[in-house]
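Hello,

Here is the structure for you to take over. My notes on a helix pair and on some aromatic rings follow below.

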Amino acid sequence: MPNISKKGQSMPQSPIRKLVPYAENAYKKGITVYYLNIGQPDIKTPQIALDAVRVHSLDILAYTRSEGSEDYRKKIATYYLKKDISVTHEDIIVTTGGSEALLFAFGSIMDTDDEIIIPEPFYANYNGFSTASNVKIVPVISKLEDNFALPPVQEFEKLITPKTKAILICNPGNPTGYLYSKDEIKQLAALVKKHDLFLIADEVYREFTYDGHSHYSIMQEEGLDEHAIMIDSVSKRYSMCGARIGCLVSKNKSVIQTALKFAQARLSPPTFAQIASEAALDTPQSYFDDVINEYVERRNTLINELKKIKGVKVAKPNGAFYCIVELPIKNSDDFAQWLLEHFEYHGETVMVAPAAGFYSTPGVGLNQIRIAYVLNKESLIKAVHIIKQALKVYKD
């Protein structure tokens with residue numbers, strides 16, 4: 001039998017999706033499952049985006065330009081200008097989701113065995129992207145006790161080697177919900193300029209900031225044009241995860257020209273999804289105001305309920321719609337699977353994401369889970385109560 005590649009064997013499973021078969025089996029048994037494991041918002045997609053596809057006048061579903069349609073990119077640039085981000089459509093490459101934008105960025109700036117420094121816990125697929133790109137993640141651990149704030153810049157600097165090409169952050173963070181301050185961004189900006197590195201910021205949750213805090217983009221930082229690469233997506237902003245439209249943004253012309261070659265190799269981003277995404281940019285601010293208010297209430301409900309459970313620790317997020325929860329257990333992978341296979345409370349159970357998969361350091365995060373508060377408040381209360389009851393009888 002032919003052999004599978006070493007790269008394929010080393011590709012990590014998604015900590016978010018690997019438990020799906022167990023959830024499906026629980027459902028087949030008639031058990032209600034509360035899905036706290038995945039960032040799929042239950043907020044409705046803006047009607048204007050759905051209508052744009054419904055009333056299209058296309059006769060041929062043709063290829064678009066590899067970098068995305070010019071009209072859409074110009075409209076994205078106008079959207080960014082409202083966020084105090086000054087770019088042109090030529091600084092933007094439309095991608096098949098933020099995931100492809102990250103893969104293009106990795107491929108454009110790093111060679112085999114190069115290194116990228118990332119504060120962990122981080123979005124689990126960064127592990128997969130690094131494996132697929134043959135590059136090495138060098139982690140800097142942020143701590144729940146510090147609300148997952150940016151580790152001291154000195155800790156980053158200690159890890160810089162001749163192989164280091166970039167620092168990557170997610171702002172606001174998945175899975176922590178941490179929102180980096182303007183000062184923290186400036187510290188990183190100074191560091192990458194000092195060592196001539198790239199600073200990549202995954203900013204797909206830009207709109208989701210709470211408690212009067214505002215988002216500061218790396219693209220707003222002066223003097224960073226040659227170093228900054230921004231990753232973005234419509235998935236969470238407009239509750240359009242299935243559209244699979246994102247973009248890579250940089251004022252570094254070499255980065256854009258190189259990423260375009262990767263874009264040409266995959267031909268073009270999907271046409272209908274671009275039509276929907278372009279229309280979504282006309283979504284009124286009132287949509288976001290309502291969404292933010294809803295997520296603040298959900299976050300507060302979730303945090304308050306979790307704090308009622310003895311032995312549980314949780315960091316309060318100021319952005320996105322995730323939080324990391326530390327449980328009084330040894331292994332959250334086993335606990336998450338046990339919840340779906342062997343536990344139900346009044347015919348209901350919960351699906352969570354084990355947090356170890358959001359780290360690259362072995363053995364870290366084993367007693368943590370990530371919760372996405374994408375369910376309504378009543379469901380969140382029920383889900384946390386189920387976790388409370390489960391912890392009473394679970395045996396490590």
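Helix 2 crosses helix 12 with left-handed geometry. Please keep in mind that this is a predicted model. Helix 2 covers residues 20–28 and helix 12 covers residues 332–341; their axes lie 8 Å apart, at an angle of about 20°. Angles under 35 degrees count as roughly parallel, and helix 2 and helix 12 are therefore roughly parallel to each other.

On the side of helix 2, the contact is made by Tyr22, Ala23 and Ala26; helix 12 contributes Gln337, Leu340 and Glu341. By type, the residues in this contact are four nonpolar, one polar and one charged.

Now the aromatic rings. The structure has 18 aromatic pairs. One of them is Phe208 with Phe321: the ring centres are 5.4 Å apart and the planes stand at 70°, so the pair is edge-to-face. The cut-off behind that label is an angle over 60 degrees between the planes.

Phe208 sits in the loop between strand 6 (198–202) and strand 7 (228–233), while Phe321 sits in the loop between strand 9 (313–314) and strand 10 (322–326), so the pair ties together parts that are 113 residues apart in sequence. Both Phe208 and Phe321 are buried.

Phe208 and Phe321 also belong to one aromatic cluster, together with Tyr205, Tyr295, Tyr322 and Tyr373.

Regards

Methods: Residues numbered from 1 in each chain as written. Predicted model: local features only at pLDDT ≥ 70, side-chain atom pairs only at ≥ 80, totals over all residues. Heavy atoms only, no water. Phe/Tyr/Trp six-rings, centres within 6.5 Å; stacked < 30°, edge-to-face > 60°. Helix = DSSP H or I, 4+ residues; strand = E, 2+ residues; numbered from the N terminus. Buried < 20%, exposed > 50% of the residue type's maximum accessible area, 1.4 Å probe, protein only. Axes fitted to C-alpha atoms, helices over the stretch in contact; angles between N-to-C directions. Parallel < 35°, antiparallel > 145°, perpendicular 65-115°, else oblique. Left-handed = near helix turned anticlockwise from the far one by under 90°. Contact = heavy atoms within 4.5 Å. Nonpolar A, V, L, I, M, F, W, Y, C, P; charged D, E, K, R; others polar.
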